[in-house]
2 protein chains.
Amino acid sequence: MSVLEYMHALGQQARAAAAVLAQTPTASKNAALVAMAAAMDAARPALLAANAKDLQAGRDNGLTDAMLDRLRITDAGIDAMMEGLRQVADLQDPVGEISDMAYRPSGIQIGKMRVPLGVIGIIYESRPNVTIDAASLCLKSGNAAILRGGSEAAHSNQAIAACVTQGLLDAGLPEHAVQVVNTTDREAVGHLISMPDYVDVIVPRGGKGLIERISNDAKVPVIKHLDGNCHVYLDDEADVTKAINIAINAKTRRYGVCNAMESLLVAESRAAALLPEIAQHLREFEVELRVCDQAHALLADTSASKLVPATEDDWYTEYTAPILAIKVVADMAAAIEHINKYGSHHTDAIVTENFTKARAFMTQVDSSSVMVNASTAFADGFEYGLGAEIGISTDKIHARGPVGLQGLTSQKYVVFGDGHTRP
Amino acid sequence: MSVLEYMHALGQQARAAAAVLAQTPTASKNAALVAMAAAMDAARPALLAANAKDLQAGRDNGLTDAMLDRLRITDAGIDAMMEGLRQVADLQDPVGEISDMAYRPSGIQIGKMRVPLGVIGIIYESRPNVTIDAASLCLKSGNAAILRGGSEAAHSNQAIAACVTQGLLDAGLPEHAVQVVNTTDREAVGHLISMPDYVDVIVPRGGKGLIERISNDAKVPVIKHLDGNCHVYLDDEADVTKAINIAINAKTRRYGVCNAMESLLVAESRAAALLPEIAQHLREFEVELRVCDQAHALLADTSASKLVPATEDDWYTEYTAPILAIKVVADMAAAIEHINKYGSHHTDAIVTENFTKARAFMTQVDSSSVMVNASTAFADGFEYGLGAEIGISTDKIHARGPVGLQGLTSQKYVVFGDGHTRP
């Protein structure tokens, strides 16, 4: 069988499974999720052995320690995946939810019913736990899934897939509800994103290069997550304590995540009061500062060696590292202009006590999450109450921001009558 | 200036206008819509003269009478466009609507705010009134629009565009909020759908060929409307009067529309009781019947000459004509299987008095509108209370069914805190 034939076979099987899943009661989907966790628990030795093969191959192929770390499955990691499955089982099922039912003057009653998208293709890089995250969210939202993981994690992903299939069968669900692509041939990705008859939407998870390539080539809609170049703007009327706490938290809570602050903007009138203290704290975290001239003048005395003049490129950069760009701006209007120009429309925050400015910032900043007096670190599916997320969308259509179960569904119209005809 | 440079210039201007429109108060948008209507009223002679040029060229190029009809602007047509503008002005502004605000255990308060998509590209064929429909819906939803009409209507569209621009300027809004592409070069369409920096979404309106071509080539998301192959299923437990009224209305109200019934499915146990009477009514409307063998046996005696055995192709066909395919099916399950296989996921209805079957049909039929005891003719933005529609989406992501103002917006997250940081 050619790779094309193989992918079409997966697609046909997924389409058939999706028709069943769309009608599957919540209790059966939950039973499958719990059964998957049980299967993983029983398969610990097999999971660790499969992962050991990937790790060995990774070492042979010269993967960095960081890459090997992302690839590694531990007993604690298995516990976390099992816990994730149970958490998704506990989430409310979005499928079938009917909203906005209302009578129209014609006498018909109309509302919207939430329904699965159908078949979702997920393309991801080395972290094998994505296999479980994606499988569980797609299943709970009534969608069939075709998962294509990174070749470095091939053995691990197949071992996890065996547990997923076991869980599906134990609960009496179609075994093709979740399929993990069983070839590392790169051609498979090209087919997966080009078969609109079998796949309704693609969710790529990985580096910006991967996502741009997929978006460009796909023949089906793509829910994509590009950069997270997040900003915090400290306004003239910022409360000092809130400003400092939020700036420190947004930068230092975690460096490698997409919701970390990458640029700090400070109103000119408050720069002298706020920046030296913030820099002082950041020095303790060994954060390198890339600063505009005005900030440089304010910080030259107080800061340690890691003070570097910012270049134009810095304003565009998502560091995902202990580096922070700092710019002094004239006022909120300048901050908003900077954010909309250099930012990635992911998550941006203002710190201010001024009601009118808070409203204006919320409206004028064109990002998937806009915050007032809160740390950008909150931009996350769990924190938002979605339960889990399959990614954070920086798209404008369909879903913006953290994408949970609801983002994997859409709404159709339902119309009720008593024999109504249209005049 | 090359066509590419011209289209990029339109794109840049649209992007700049979109930033202003996103912040424009409702009252200003409404004032512009009303001013456009006034400008059209004042420009009647110019509109009719421009249209006369298009009609003459159309006749010279051998357009059919039906095509010339679609192209024609009359005084009554101008009245209708003006009324459309005023109706859109009366609609509630979706922009800025905040919903689902709730506190999370962390103490942050989170909700969703409705925001414009940005720049919308509309590609349409000969009907010049689409220029006004599209311009008004995009403006009211806070989006900039780039409109590319058919070359047959070039003079008419430019004359309408002049009124739109006048209305924008009268209300103090950016003149580039709505731009009509001023070249009939086909290359312009290729550029319009390939500039993600300037255009956020494409809405094509026209024949299936046009839409498929655009969807295939576009580098930005497309909200598309393919076939309207709509079904009515008359169940074992259908009320006779409702069944007959709905079947007649869904077929004969209008033939050329996407929500017209194209196939009638009848439960075997009721075929003898229902089909002859329905055929009798349809004969009065001179509707040709393409029927399965069972239906043929039932109708051979009663029907006139227009009774034709159906082929496999008939089940797939959107006739948009006084033709109806009829099939006798074993039961509801067979009807649903038929609809999901042959249908276009547009609008499908069941007629039944059975509660359980109504629920099952609603869930199992995968269409943008699913109806119980109501005519498919109701699938329409006005009937659904959307006020107006830019099209009916047969897509699964973002918007399904009639797309009104809300379908031209998306939701971003807004997060409020009192200095909250994430542990």
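This is a predicted model: local features need pLDDT of at least 70, side-chain atom pairs count only at pLDDT 80 or more; totals for chains, interfaces and linings use all residues.
**Stop 1: the domains of chain A.** Select residues 3-224 and 402-415 of chain A. That is domain 1 in the domain assignment. The centres of domain 1 and domain 2 of chain A, taken over C-alpha atoms, are 35 Å apart.

**Stop 2: the contact of the chains.** Show chains A and B together. Each gives 56 residues to the contact. On the chain B side, select strand 2 (109-116), helix 10 (240-252), helix 15 (355-364), strand 13 (369-374) and strand 16 (409-420); each supplies at least two residues. Strand 16 of chain B has the largest share, eleven residues. Colour the side of chain B that touches chain A by type: 20 residues are nonpolar, 24 polar and twelve charged.

Stop 3: Follow the ten strands of an open, mixed sheet: 10(A)-9(A)-11(A)-8(A)-7(A)-12(A)-13(A)-16(B)-2(B)-1(B). Its edges are strand 10 (307-309) of chain A and strand 1 (98-103) of chain B. Neighbouring strands are turned by 20° against each other on average, direction ignored.

Zoom in on the chain B end. Strand 1 and strand 2 of chain B run antiparallel, joined by four bridges. Here B:Ile98 stands opposite B:Met113.

Next, select helix 10 (residues 240-252) of chain A. This helix packs on the sheet, touching strands of chain A, including strand 7 (230-234), and also strand 16 of chain B. The directions of helix 10 and strand 7 of chain A make about 165°.

**Stop 4: another pairing across the chains.** Select strand 16 (residues 409-420) of chain A with strand 13 of chain B. They pair in the parallel sense over five bridges. Look for A:Val415, which stands opposite B:Met371.

Notes. Residues are numbered from 1 along each chain as its sequence is written. Chains are lettered from A and ligands numbered from 1 in the order in which they are written. Two residues are in contact if their C-beta atoms, placed from the backbone, lie within 7 Å. Ala, Val, Leu, Ile, Met, Phe, Trp, Tyr, Cys and Pro count as nonpolar, Asp, Glu, Lys and Arg as charged, and the others, Gly among them, as polar. Two strands pair if DSSP finds at least two bridges between them. Domain bounds come from an automatic or database domain assignment. Axes are lines fitted to C-alpha atoms, for helices over the stretch in contact, and angles run from 0 to 180 degrees between N-to-C directions.
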